[in-house]
Amino acid sequence: MLKIENMTMRFGGVVAANKFNADIEKGQIVGLIGPNGAGKTTIFNVITGVYRPTEGKIIFNPGEEEQDITGLRPDEIAKLGICRTFQNIRLFKELSVLDNVFIGNHLRIESNVFSSILKFPNYRKEEKMMLEKSLYLLEKVGLEDEKDGKAHSLPYGKQRRLEIARALATEPKLLLLDEPAAGMNPQETRELMEFIKDIKDEFELTIFLIEHHMEVVMGICEEILVLDHGSLIAQGDPESIQTDSNVIEAYLGVE
Ligand SMILES: Nc1ncnc2c1ncn2[C@@H]1O[C@H](COP(=O)(O)OP(=O)(O)O)[C@@H](O)[C@H]1O
Ligand SMILES: [Mg+2]
């Protein structure tokens, strides 16, 4: 689904990612972990076109054929089927919960700007479909009763779920989640884990997620990549990662 080849990202003197390699298979939930500042979010930023990597390649293959997406614009990458959520939640705070999801649909609609302004029949039809889809996604994330409230009035955990609903509205094939459980209580975290497995199956997603809650990472990821100072220091299933001496050292700072 996604191949990252020898990717280096430098910001001036800072090497945020250093010759990073990854191979994410279709249908998997892959975790990316590592101490703060390890370069995790930078990797997501490079995949989604926020930054062009200093070196290396990003190859995306949603099923038909391989495509080099290195250096494409974020909207082009989203259109190909990669969507993300942000470590610092990014919602349209003053818009309603429903409108936040509705906006996600726009990436997929056929009608052009003129037909949407003039409300041509095609646009009307698409608008109706978009509305139905948005309501369905809100139900899916358990926010249907809150659809008319403003996004910023939702508690933290629900804002994170709303952000995921908006991402799903773009119909991604690969979903990137940057610390989806951040700020969630244990109950919300457990629900989130079920929810992620659920949407993976229902929407046939491949999921790449950054997370600090080890319960989440060890509980739902089939494969885990461990990053430290921009470099991949370990890779494997949850069991092998938990006993890996490099990983323990990176986290605890002991030999
Ligand atoms: N736009 C940027 N400009 C300069 N330095 C950056 C930028 N983005 C990230 N960095 C640096 O890259 C390193 C990795 O950051 P980040 O990817 O956010 O780490 P993580 O998500 O693992 O906590 C940090 O040292 C950070 O300060
Ligand atoms: Mg980060």
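Strand β3 (residues 29-33) and strand β8 (residues 206-210) run parallel and are joined by four bridges, where helices (H or I, at least four residues) and strands (E, at least two) are DSSP runs numbered from the N terminus, and two strands count as paired if DSSP finds at least two bridges between them. The model is a predicted one, in which local features need pLDDT of at least 70 and side-chain atom pairs count only at pLDDT 80 or more, while totals for chains, interfaces and linings use all residues. Residues are numbered from 1 along each chain as its sequence is written, and chains are lettered from A and ligands numbered from 1 in the order in which they are written.

**Sheet with β3 and β8**

- Within the pairing of these two strands, Leu32 has Ile210 in β8 as its bridge partner.
- Both strands belong to an open sheet of six strands, which has mixed pairing and the order β6-β7-β8-β3-β9-β10.
- At the edges of this sheet stand β6 and β10 (231-236), each of which pairs on one side only.
- Neighbouring strands of the sheet are turned against each other by 20° on average, direction ignored, with axes fitted as lines to C-alpha atoms (for helices over the stretch in contact) and angles running from 0 to 180 degrees between N-to-C directions.
- Helix α10 (residues 245-252) lies across β9 (223-228) and β10, and runs at about 130° to β10.

**Strands β1, β4 and β5**

- Strand β1 (residues 2-11) pairs with strand β4 (residues 55-60) in the antiparallel sense over five bridges, and Ile4 stands opposite Ile58 in β4.
- Strand β4 also runs antiparallel to strand β5 (residues 67-68), to which two bridges join it, and here Ile59 stands opposite Asp68 in β5.
- The hairpin of β4 and β5 has six residues between the strands, and in it Gly63 takes a positive phi near 145°.

**Helix α6**

- The 14 residues of helix α6 (residues 156-169) should span 20 Å at 1.5 Å a residue, which agrees with the 20 Å between its end C-alpha atoms; the expected span is 1.5 Å times one less than the number of residues.
- Helix α6 is mostly covered, with 11 of its 14 residues buried, a residue being buried if 20 or more other C-beta atoms, placed from the backbone, lie within 10 Å of its own.
- The buried residues of α6 include Leu162, Ile164 and Leu168, and the buried residues pack against β6 (82-84), α3 (97-105), α5 (121-140), β7 (174-178) and α7 (186-202), contact meaning C-beta atoms within 7 Å, placed from the backbone.
- After α6 comes Glu171, whose phi is positive, near 55°.

Terms used:
A residue is buried if 20 or more other C-beta atoms lie within 10 Å of its own, exposed if 12 or fewer, and partly exposed in between; C-beta atoms are placed from the backbone. Two residues are in contact if their C-beta atoms, placed from the backbone, lie within 7 Å.
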